[in-house]
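Please find below a short note on the two-chain model under discussion.

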Amino acid sequence: MIREVAWRLFAGEYNESRLEAGGGGDRAPTYVVTPLGARVNRLFAVGVLTDVENVGTDGQPMWRARVSDPTGTFHVYAGQYQPEAATMLSKIKPPAFTAIMGKSRTYTPDPGTVYTSIRPEMVKVVDAYVRDYWILEACRSLKQRLAAMREAQAMDPLTKDGLVALGYSEDVADGIVAATTHYGKVDLPRYGSLLAEALRYLLPEYRAFVEEPAPAARTPNAVAREKPKAADDVEDKVMALVGELDKDGKGAPWDALLAAAAKAGIAKEALEEAVNELLDKGLIYEPILGRMKKI
Amino acid sequence: MDMKDELEPHVRDIVRALGGKVSEQEVERELGNYLNVYRVSLDTAKRSIVKKHGGNPADLSLGVTKTVRDLVPGEQNVNLLARIVSVNEKEVETEGGSKAIRYGFLGDGTGTIPYTAWNPDGVELAKGDVVRIQNAYTKEFKGRVEVHLGARAVVTKEDDALLPAVEPSRAAPAGPATAAKVGELRERMGNVALTARVLSVEAREVKVDGEAKTVYSGVLADESGKVQFSAWKDFGLAEGDVLRIEGGYVKSWRGIPQLSFDERATVTKLAADALPPREALAQSPRMWIEDLAERGGAVDATVRGILIDVKDGSGLIYRCPECRRVLRKNTCRIHGEVQGLADLRVKAVVDDGSGALTAVFGKDLTELLLEKTIDECIAQAKEAMDQEVVRDELADLLIAQPVEIRGNVTSDDYGLMMIVDSARILKVDVQEEARAMLEELEG
């Protein structure tokens, strides 16, 4: 059995995945297929661990951690079957640069809704250099997929054989065909700007937009850009929405929150940021994946 | 009916595997159903029926005789009538220690296929023999089907006249040779032509079929990589020569392609400036693990990746003074309880985003990475009363770190392995690389 490669993949791409493939045979591995066609069984991610908590019980702990990269947040779950990773997670004091290697997982609470997460095999606290190096690797990987998808979109009809003839490996070709079949024509400019944004994140000259000079000891937080003054208002609104939309006591579903926020003029990015802040402040929590609840 | 006669032994085989708890009539009906209605293979049908009735498919003993060309990966109970084309022996490391196995090619009128015999003791395998093989199984490795002879395999010698002689896959050079770069050489290529510089060469005496021969071996290189070679004739090769070789053929050693050429090849010396100078070609090419996997291995490759795991058996270990096997609880599997010799090593997994390989670092490199001598490690373990402290320290130091490693890469059923010659924690200027990529992106 040849070891599955560990993909370097941004949360911004991984979390957009809605397709799981493989698992045909008894022991065939399953893959999460991203909109750009990465077939991910294992991934390696480095980001800022912003919070970790036991969402299980004392007897059967299930550690849930959130790890942010410049494009989004990975959800990491480790329970009794990942004892080493769970122990490591439970000891980390956020915020901390953290490397995670693990298996791709999806959760489908109802048809049409898919949440992605990572089941860690390895968890380790690292330094800023390892995180920056990872961003660079993830950028290279994303750039390759963008180029391949661009060529694929120019093909008519798109076939696996055609891609192989262009020099792509069978695995890459399989991924692109599966992604295109499932997601339709992918918005490449969007992922192009995600790539540029991630690269700029590494470069000090692009940090100039920060209004106030950054404090000397910059908090090592991936989402620690200076917060606009309006952010607190957004947080208040989101907090209210979380309360309103929690109709069954199990928490406000993310989709409903997203829709309501859009109506209230809150962009998805601003909503995510506000939710992260509220989670960090301990004002809301996620009782199950994809639900937000007031504490 | 022919079909029925042919199936009858299989029906009995299924009934026997189920301990007689299902009747022959019932089995026959089900087998017919699987074969005619669902149209699965006989092998699959038999296994499914046994499983369905709560039996163990491994209890089936009668396989289906197949031809080499029909074999697909993942078959059980494979029966073959084949001629042994070649027999080689090697030692492999298994969970239970090292073990001698035999491997080579076998073939029939439809083709040849690699085989591996895991328990060669009770099995007679001689080059050229026609044999009947029962209860073998197949696997896929690097896109090719292989036959495996496991504990249940039975091999019996058959009449030589049953099969035609199998021609070795290496055809004598005829017609124009195929041009290739060193990096493009693949196992079993015949009649290749390439231009390369001799980086090293030495003469060795070897015995081939009891006859003493001189073989000239060393390393050749061009811009695309390096390859070990064996010349079976004295072509007067000297270090630094640039050669045009036509009519070479490629074998592999543990997955690394190796070039051989003999009196049938044409070897011409070219001008010294036909290729970049020696120093430039002696550099280790940087390669992606994906490409190494496709090639099967490489001489002196450099890989950049993340060290993602430090495996069990890393750190401070003790070896048998007789055979160098790693001891468990001061005991050698072969030589019993012995006074072990201390050694240091790291068995790591390095992943570069395109693939993963096992990287083995020996004592000197491990000391360098730890910035500690083996004696200091022994003292540390004594103080902690735990040998594992050294491994823990290595894991702490190395896991999740970007590394650059250089060495020979081999491959087997478990994937790629690099015996690391040199290694360093990789420090790159992230900002500079990010800036270059951004400029390229924005045009």
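Two residues are in contact if their C-beta atoms, placed from the backbone, lie within 7 Å. This is a predicted model, in which local features need pLDDT of at least 70 and side-chain atom pairs count only at pLDDT 80 or more, while totals for chains, interfaces and linings use all residues. Residues are numbered from 1 along each chain as its sequence is written, and chains are lettered from A and ligands numbered from 1 in the order in which they are written.

1. Thr268(B) lies in strand E15 (residues 266-270) of chain B; strands (E, at least two residues) and helices (H or I, at least four) are DSSP runs, numbered from the N terminus. Beyond its neighbours within four places in sequence, Thr268(B) contacts Leu243(B) and Arg244(B). Thr268(B) counts as exposed because it has 11 C-beta neighbours inside 10 Å (exposed: 12 or fewer other C-beta atoms within 10 Å of its own; buried: 20 or more; partly exposed: in between; C-beta atoms placed from the backbone).

2. The contact between the chains takes 26 residues from chain A and 22 residues from chain B. On the side of chain A that touches chain B, helix H3 (128-154) is among the elements giving two or more residues, and H3(A) supplies the largest share, eight residues. That side divides into 18 nonpolar, one polar and seven charged residues (nonpolar: Ala, Val, Leu, Ile, Met, Phe, Trp, Tyr, Cys and Pro; charged: Asp, Glu, Lys and Arg; polar: the others, Gly among them).

3. Which residues of helix H6 (residues 363-370) of chain B are buried? They are Leu365(B), Thr366(B), Leu369(B) and Leu370(B). These residues lie on the same side of H6(B) because they cover an arc of only 130° around the axis, the arc being that of the directions from the helix axis to the C-beta atoms. An α-helix has 3.6 residues a turn, so residues three or four places apart point the same way. The cover over the buried residues of H6(B) includes strand E20 (341-351) and helix H8 (388-398) of chain B. After H6(B) comes Glu371(B), with a positive phi near 55°.
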